[in-house]
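The following exercises concern the contacts between the chains of a predicted model. Each task is followed by a worked solution.

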Amino acid sequence: MKLYLRLYKTLLHLNFANLLAYRVNFTTNIVSSVSWGLFSIISIILVTGKANSMFGWRRDEILLLTAIYSVLIGVFHMLFSKNFERFSNLVYYGQLDSLLVKPIDSQFLVSFWLINYTSIFRILLGAAYTFYLLYAYHMAVSLGAVMGFISLLAIGLTLLYSVWFLCVTLTIWFPRLTNIVFFMYSVSGLTRYPQEMYRQLASYVFLFLMPITLIVTTPTKALVQRLSLAEAIMLIGFAFTLFYASRKFWKFALRYYTSASS
Amino acid sequence: MRYVRILLIHFEDAIAERARNLVWFLIALINPLMLLLFWRGAILEKPEAYGQWNIPSIVSYYLLLIIAGAFLQVHIEEKIAYTDIQQGSLSNYLTKPFSYLLWNFFIELPYRVLQGSFGVIVFLIFFVLFGNIVSIASDPLILVLASVVIILGYLLSFFFKMILGISALWTTDFSGLVNLVEVVTLVFGGFIMPIHLYPVILQRISFALPFASMFYFPIIAISGKLVVVELFQVIAVQCIWLVSLGSIYQLAWRRGVRLFTAIGQ
Amino acid sequence: MGSIKSLVSRKYESVKAVDDISFDIAAGELVGFIGPNGAGKTTTLKCLSGLLWPTQGSVSVLGYTPFERKTAFLKQIALVMGQKNQLWWDLPAAETFLLNKEIYEIADDEYKKTRNELVDLLEVEHLLKIQVRKLSLGERMKMELIAALIHSPKVLFLDEPTIGLDVVMQKKMRDFIQEYNELKKSTILLTSHYMEDVRQLARRVIIIDHGKILYDGKLDQLVKKFAKHKVLSVVLETYVPPDKLKEVGELVEYNFPRAVIRVPRNASNVAAAQLLQKFPVDDLNIEEPDIEDIIRDVFTLSSKH
């Protein structure tokens, strides 16, 4: 454990040095981070413009959902996105070998290698909007609620990571499916809408999507103190199950990779 | 045994390519479908808030949006900025007795038609399955005028992206600019929701910009939401934009060529 | 030490076993695997480093089973494949070394010692703080080597180390490998399809083709065992028609004034005397055939069976 923490600290340092070394990308990333952050906020404001409630949510709560989505996706982009983008190239260009020969867990090396610091602006934007909404709409917030919120957000992040990892692992069998990363970005966008909205779908589709739809909805409910224990338990359950599945599937994929390639 | 393996490799290859295309297709579908779900819920809950936009018309809107997104969204600026300008291939074009504009037009068109047809397939599937849930204009005159609006919309989109591409000669952060333009296009081109449902101020801004003429008007024209008079008004506005963008392009092109040939790349 | 024992026992080796590779390598040896492309060299290395698991047989390196990929095992090996790089492009190479230090859990003083050792050996002290993308190809290659060896591996697998390099760089790479082997006494297995690599480096040579071992032993023994010919290289004073030269032996090459004639081994002296008598010879050399030719003969010999 200590090894991995030290290693991650070194990676944080290297990624930061990398950022300073290549300043042109710096501004591009900030501009796109902020643009998309603003876009999702503008979209939700416009789209909920004419109604005061839908799917059992008040309008301000739906806006809050988008704000918290921005925070979550910002954290996800910072920690994981670049790594997933890199992964599909790793497989395609046969560079997975040099990773597997290192005495460090390969899932760790694949998932945590790169850090995108410029996403911090997206996180800040989301956080700022969250605070603004809580203040402007006089939403009551307690310490307990905040603690619950942060924990469930972290668990939601784990769930999102696991789903991504499961899908991206498929590129070991289909190295050409590098665009699966873009697909996952769209899927991640599912989380910005209230879970209840997806109940409109046929039940089998809804059940299939359910874990994802809980990711942002559940922590948000915790924050505004509307959470049901059942939903919290479901989120936690899904997160652990899918994370475990991602590890198993990865080991399985590596067994395939190391038997067929040459 | 060796031949079986070769066969399997080609099979895997074909599937891989098809799987890749399937993924692109799914990506194009997901966002509009999510918005559709949202609207269905919203309209069902409070239909009076949305005026003439009922579920069938909203469904048509988003389905047509998929096609519009695929067909009318031009992507030539990336090639111009990276391949032609940054890597210098522009020199090849300058020595040929063929208009750079026309050349790129013919490069881009096939892609747009191909992608647009994916969208049309989705539309047809919905049409066959849910018949009366999608609405398109039926009056022949309106259809003809709508086609004109669509063609003009495409030309506007094309010119705009050509200008954007050439601007790479002057901008330091082209990627950032492209991202910004994309967001602006989505907001003011009607990709979030029908512009007529925007707050009034935003509507006015949208109609003052060219993006609505590129995407929004073609969509509502073909779905029959505009009467003949309005169609002519739209066409007039599009023509004004076409002349403007055309002039800006010529200016940018002339200045750009001078810059490019003066400093190399 | 590495050994792959096949379920099919050794006695089949002389009768040309099918898809069976078996060998033992002792600590500190420098062994060269040679073979044409697709012979199975890279596959063998991957099995030894744990990247592939064999369908039959057993593999043991340093007492570990490679494909179990235990941490203790991985910390003691290094695999360098062609020019695939692990250096961070926009940072000084020193940063990548520090990263590897953490990955392999190298102690501070040991790290400093090894790093200085390698840096001196490769003479790159002045380049440590420069960004990798600003280095030349040769300098980058040296840094890649240091990054790969910073954890002082006991076993080093090199896959085609000189591929894609120019002649000067190839020589430098070979010199380094030799010095490193002598200095650190680590076991080195390298694959190559360049004869020069073999000539300079490998005391022991394993020839592989179509997944089978064709020869395993010392290089000079290989020459004696398989070379059936000797090569006479002649420089002529005045032009001699090719047909005349063909009377002495097989005319391999003729670019006046140089000619290369191949004769059976035991007839080389006689042939040399003939040349000197009959023709206006300026210079004459009796040489062993090129290793490429010998090995080519070995391959054709094996495929005839």
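**Exercise 1.** Determine how many residue pairs are in polar contact across the interface of chain B and chain A, and which helices of chain B take part in the interface.

*Solution.* Step 1: apply the rule for a polar contact, a pair of N or O atoms within 3.5 Å; within protein, one atom must be able to donate a hydrogen and the other to accept it, and residues adjacent in sequence count only if both atoms are side-chain atoms. Between chain B and chain A, this rule finds seven residue pairs, both residues being at pLDDT 80 or more.

Step 1: Helix 1 (2-45) and helix 7 (174-188) of chain B each contribute at least two residues to the side that touches chain A. Helix 1 of chain B gives the largest share, 21 residues.

The model is predicted: local features need pLDDT of at least 70, side-chain atom pairs count only at pLDDT 80 or more, and totals for chains, interfaces and linings use all residues. Residues are numbered from 1 along each chain as its sequence is written, chains are lettered from A and ligands numbered from 1 in the order in which they are written, and side-chain values use heavy atoms, with hydrogens and water left out.

**Exercise 2.** State what area is buried between chain B and chain A, and which three residues of chain B supply 20% of the area that this chain buries.

*Solution.* Step 1: count the residues in contact (heavy atoms within 4.5 Å). Chain B provides 39 residues and chain A provides 33.

Step 1: take the buried area, the accessible area (1.4 Å probe) that two parts lose on being put together, summed over both. For chain B and chain A this is about 3500 Å², with 69% from carbon and sulfur atoms. Met34(B), Leu37(B) and Phe38(B) supply 20% of what chain B buries against chain A, more than any other three residues.

**Exercise 3.** Describe the interface of chain C and chain A: how many salt bridges does it hold?

*Solution.* Step 1: the contact involves 27 residues of chain C and 29 residues of chain A, and about 2700 Å² is buried, 62% of it on carbon and sulfur atoms.

Step 1: search for salt bridges (a side-chain nitrogen of Lys or Arg within 4 Å of a carboxyl oxygen of Asp or Glu). Two are found between chain C and chain A, whereas chain B and chain A have zero. One of the two joins Lys46(C) and Asp97(A) at 3.3 Å, N to O.

Step 2: locate the elements. Helix 1 (41-49), helix 2 (71-74), strand 5 (77-81) and helix 3 (93-103) of chain C each give two or more residues to the side that touches chain A. Helix 3 of chain C gives the most, with six residues. By class, this side of chain C has 11 nonpolar, six polar and 10 charged residues.

Notes. Helices (H or I, at least four residues) and strands (E, at least two) are DSSP runs, numbered from the N terminus. Ala, Val, Leu, Ile, Met, Phe, Trp, Tyr, Cys and Pro count as nonpolar, Asp, Glu, Lys and Arg as charged, and the others, Gly among them, as polar.
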